[in-house]
Amino acid sequence: MGTSTDRTGGTGGAWTPLKHAATSLMRAADTGQRSPTTLRRLLSRHVPVLGGAAGAVAGARAGRVGAQRLGAVLAGIATDGLGTALAGQGLGDLVGADRLAVLDALAGYVAGDGADIDGQAARDAMFDVLADLFPDADSWADLDAVRLDADGVRDMLELFLARYVYNRIPVIAERLARLDDPVKAQRAEEDLQRMVRSFVHLRLPDDALEVDWSGPPGRTIIDDSLRAVYDALSVLED
């Protein structure tokens, strides 16, 4: 499971209400409370720290590029299988390779090496997608046997974007790490992830397999989806 990339260095301004919200969520989790109001408050207050909804979208380079590349890979898997999909993205040398080598290379292709905060958010999100896409794969044959339809492509892309948005939330990882009970911390994290996921809806044409994910149509779909998510999150506390 990916974890929210931690940013604890900010002080004052928009950071203060965000840190208060994160502390409230930590305390609620510690007492066993599951408060949607507390979750909404945290989600709303993190958006100003990212520069507001517009700034959050503009700064989402790793998520945007990653989602486009992931879309192309997923559409290839749905159409012709993993081997052909890899070859179509210039990764043909991975065909037949060890499972871990394939998954690590896919994570690197989609999300890079996670060298900065934004990149790490995308890389963690990609590992969540891989775990969901290939849950029982132990070999190349298992990987290549996975098939998707258009709905599956949509689901995997929405999962990637939802986890990417979650992973960009500052402070929360550090606050939840203070809890003595890891089960309570995990429950709070999962509640927050589910709420983020409920706001991610790709606006796709009838057939996701026909989208040129690597080109302008793919970028427009991803940008519109991110904009809708951050617009919605920014007003949750209103």
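D132 lies in helix α7, which spans residues 117-133; helices here are DSSP runs of H or I with at least four residues, strands are runs of E with at least two, and both are numbered from the N terminus. The model is a predicted one, in which local features need pLDDT of at least 70 and side-chain atom pairs count only at pLDDT 80 or more, while totals for chains, interfaces and linings use all residues. Residues are numbered from 1 along each chain as its sequence is written, and side-chain values use heavy atoms, with hydrogens and water left out.

With a relative accessible area of 46%, D132 is partly exposed, where buried means under 20% relative accessible area, exposed over 50%, and partly exposed in between (1.4 Å probe, protein chains only). On the surface, D132 gathers with D149, D151 and D155 in a patch of negative charge. Such a patch is made of residues with over 30% relative accessible area and no salt bridge, like charges being joined within 9 Å and nonpolar side chains (Val, Leu, Ile, Met, Phe, Trp, Tyr) within 5 Å. Asp and Glu count as negative and Lys and Arg as positive, without His or the chain ends, and the place of a charge is taken as CG of Asp, CD of Glu, NZ of Lys or CZ of Arg.

Another aspartate, D93, sits in the loop between α5 (82-88) and α6 (99-111), and D93 is exposed, at a relative accessible area of 66%. Its C-alpha atom is separated by 9.6 Å from that of G83, which is 10 residues apart from D93 along the chain.

Side chains of opposite charge can pair when their charged atoms come close. A search of the whole structure finds 13 salt bridges, each defined as a side-chain nitrogen of Lys or Arg within 4 Å of a carboxyl oxygen of Asp or Glu. One of them joins the side chains of R123 and D104, at 3.2 Å from N to O; this pair links distant parts of the chain, with R123 in helix α7 and D104 in helix α6, 19 residues apart. R123 is buried, at 15% relative accessible area, whereas D104 is partly exposed at 43%.

E174 and R175 also form a salt bridge, with their closest N and O atoms 2.5 Å apart; here E174 is partly exposed at 23% and R175 is buried at 10%. In helix α12 (residues 216-234), D223 and R219 are separated by about one helical turn because they are 4 residues apart, and their side chains meet in a salt bridge of 3.3 Å, N to O. D223 counts as buried at 12% relative accessibility, while R219 counts as partly exposed at 42%. Elsewhere, salt bridges that share partners join R34, D191 and R194 into one network.

Which residues does S44 touch, not counting residues up to four places away in sequence? S44 lies in helix α2 (residues 36-49) and counts as buried, at 6% relative accessibility. Its contacts (heavy atoms within 4.5 Å) are with L233, S234, V235, L236 and E237.

The backbone gives a last point of interest. Most residues other than glycine have a negative phi, and most peptide bonds are trans. V171 has a positive phi of about 75 degrees although it is not a glycine. V171 is found in the loop between α9 (150-167) and α10 (172-176), and V171 is buried, with a relative accessible area of 0%.

Conventions:
Accessible areas come from the Shrake-Rupley method with a 1.4 Å probe; for residues, only the protein chains shown count as cover.
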